[in-house]
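Hi,

Here is the structure I promised to send over. Have a look at it first, and then read on for my notes.

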Amino acid sequence: MRLSEIFNSNEITLSFEFFPPKTDKGDEALSRALDELAQLQPDFVSVTYGAGGSTRERTAEIVVQIQEQHQLPAMAHLTCVNASKADIAQLLDDYYARGIRN
């Protein structure tokens with residue numbers, strides 16, 4: 001579901017924000033957290049990334065994982081620092097191709 005639809009239909013929303021883990025242990029902890037938090041039925045979750053886009057690819061991977069494995073609407077943060085218009089356009093195309101609509 002698109003976030004615009006969620007915000008238009010709900011007066012109050014519940015969401016969680018995650019930072020992409022840097023280790024396998026962090027990946028496991030995130031997966032466990034998502035399993036537990038999904039039970040709270042958040043309206044959506046978001047995944048940020050590091051300064052200058054340092055974890056941009058991991059952000060996309062995690063958003064896809066959240067959508068596919070946890071069936072939660074997920075949003076990928078977008079930072080334009082140190083990126084050209086062409087870089088951002090390519091990133092948005094990549095997100096779209098991976099099924100990321102938020």
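Phe44 is buried, at a relative accessible area of 8%; buried means under 20%, exposed over 50% and partly exposed in between, with a 1.4 Å probe and protein chains only. Before going further, please note that this is a predicted model, where local features need pLDDT of at least 70 and side-chain atom pairs count only at pLDDT 80 or more, while totals for chains, interfaces and linings use all residues. Residues are numbered from 1 along each chain as its sequence is written, and side-chain values use heavy atoms, with hydrogens and water left out.

Back to the phenylalanine. Rings of Phe, Tyr and Trp (its six-membered ring) pair if their centres lie within 6.5 Å, and planes under 30 degrees apart count as stacked, over 60 as edge-to-face and the rest as tilted. By this rule there is 1 aromatic pair. Its members are Phe7 and Phe44, with ring centres 5.7 Å apart and planes at 80°, so the pair is edge-to-face. Because Phe7 sits in helix α1 (residues 3-9) and Phe44 in strand β2 (residues 44-47), the pair ties together parts that are 37 residues apart in sequence. Phe7 itself is partly exposed, at 46% relative accessibility.

Now for the chain as a whole. The protein chain has 4 helices and 3 strands, in the order α-β-α-β-α-β-α. Helices (H or I, at least four residues) and strands (E, at least two) are DSSP runs, numbered from the N terminus. The radius of gyration of the protein chain is 14 Å, close to the 13 Å that the globule rule gives for 102 residues, so the chain is as compact as a globular protein of that length. That radius is taken over C-alpha atoms, and the rule is 2.2 Å times the number of residues to the power 0.38. Of the 102 residues, 32% count as buried. Among contacts (heavy atoms within 4.5 Å) between residues at least 6 apart in sequence, 73% join residues at least 24 apart.

Most residues other than glycine have a negative phi. Gln41, in the loop between α2 (24-38) and β2, has a positive phi near 55°, and Gln41 is exposed at 65% relative accessibility. Gln71 also has a positive phi, about 50°; Gln71 lies in the loop between α3 (56-70) and β3 (74-76) and is exposed at 57% relative accessibility.

Best wishes
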